[in-house]
Amino acid sequence: MRRLRGALVLAACAVLVVLLAGLALADPFHLRHVRWFTASAVLLAVLLVTGVFAVLTRGVLRAVVLTLGGVAALGWVGAVVLATQVTVENRTVSEVEDGGRRLAVVEATLPATRPVYAVVVRSGSGAFEQETVVYQGVEAGPPPSDVRFVDADTVEVRTGPCVYRSEVEAVTLDVDPVYR
């Protein structure tokens, strides 16, 4: 009975972690570092599910469960490390600040291509910093010549003769429309 109770507690924790991982995947708050929350939640879920089955089994079967859980956890860590190596990091070219939010022009230089410019709105700092794309340029396109906050809910991006305006929701940083 005690082992069953322990397994149920671990299973409840695993369900909670899976729900948190789902929330991280949905990313309603446009967190800049959400991939780390998702990766951590998946790893924790693998470990908790392994713990549930390890508590319910005995002897050789427990060793098999722990081995499979360890292999799954190490495989997940390896996949996350590999994905991190493939990720292209953006370089901030310029930034305009207004009321705790920042409008940044970023440059991504992909291997063997010309730079691609984008404009993102950012808010906060640290692990819970938010970031949302406002404008996404094309390869070899010119960088935006001017970016600014028109008012508390509107941003403007100017590239050559074109002017793009988007509305930004204050809490979630949801942008409408996103220009691509």
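In what follows, a residue is called buried when its relative accessible area is under 20%, exposed when over 50%, and partly exposed in between, using a 1.4 Å probe and protein chains only. Helices (H or I, at least four residues) and strands (E, at least two) are DSSP runs, numbered from the N terminus.

Good morning, colleagues. The structure before you is a predicted model, in which local features need pLDDT of at least 70 and side-chain atom pairs count only at pLDDT 80 or more, whereas totals for chains, interfaces and linings use all residues. Residues are numbered from 1 along each chain as its sequence is written, and side-chain values use heavy atoms, with hydrogens and water left out.

Let me begin with the helices. Buried in H1 are Ala 7, Ala 14, Val 17, Ala 21 and Ala 24. The cover over these residues includes H2, where contact means heavy atoms within 4.5 Å.

Helix H2 runs over residues 34-56.

Axes are lines fitted to C-alpha atoms, for helices over the stretch in contact, and angles run from 0 to 180 degrees between N-to-C directions. The two helices are therefore roughly antiparallel; that word applies to angles over 145 degrees, while those under 35 count as roughly parallel, 65 to 115 as roughly perpendicular and the rest as oblique. On the H2 side, the contact residues include Trp 36, Leu 43, Leu 47 and Phe 53, and on the H3 side they include Arg 62, Leu 66, Trp 76 and Thr 84. By class, the contact holds 16 nonpolar residues, three polar and one charged. Ala, Val, Leu, Ile, Met, Phe, Trp, Tyr, Cys and Pro count as nonpolar, Asp, Glu, Lys and Arg as charged, and the others, Gly among them, as polar.

Although not a glycine, Asp 27 has a positive phi of about 45°. Asp 27 is buried, with a relative accessible area of 19%. His 30 is placed in that loop too, and has a positive phi of about 50° without being a glycine. For background, most residues other than glycine have a negative phi, and most peptide bonds are trans.

Now to the sheets, where two strands pair if DSSP finds at least two bridges between them. Four strands form an open sheet in the order S1-S2-S3-S4, with antiparallel pairing. Strand S1 (91-98) and strand S4 (130-136) each have a single partner strand, so one side of each is left without a neighbour in the sheet. From one strand to the next, the twist averages 25°. Strand S3, residues 116-123, pairs with S4 over six bridges. In S4, Val 133 is the bridge partner of Val 120, and Tyr 135 is that of Val 119. The hairpin of S3 and S4 has six residues between the strands, and Gly 124 takes a positive phi near 80° in it.

A further open sheet of four strands has the order S5-S6-S7-S8, also with antiparallel pairing. Its edge strands are S5 (146-151) and S8 (175-176). Five bridges join S5 to S6, and a hairpin of two residues links them. Phe 149 has Val 155 of S6 as its bridge partner. Six bridges join S6, residues 154-159, to S7, residues 162-168, and Glu 156 is partnered by Arg 165 in S7.

Which peptide bond is cis? The bond from Asp 176 to Pro 177 is cis, with omega near -10°. Pro 177 is placed in the segment after S8.
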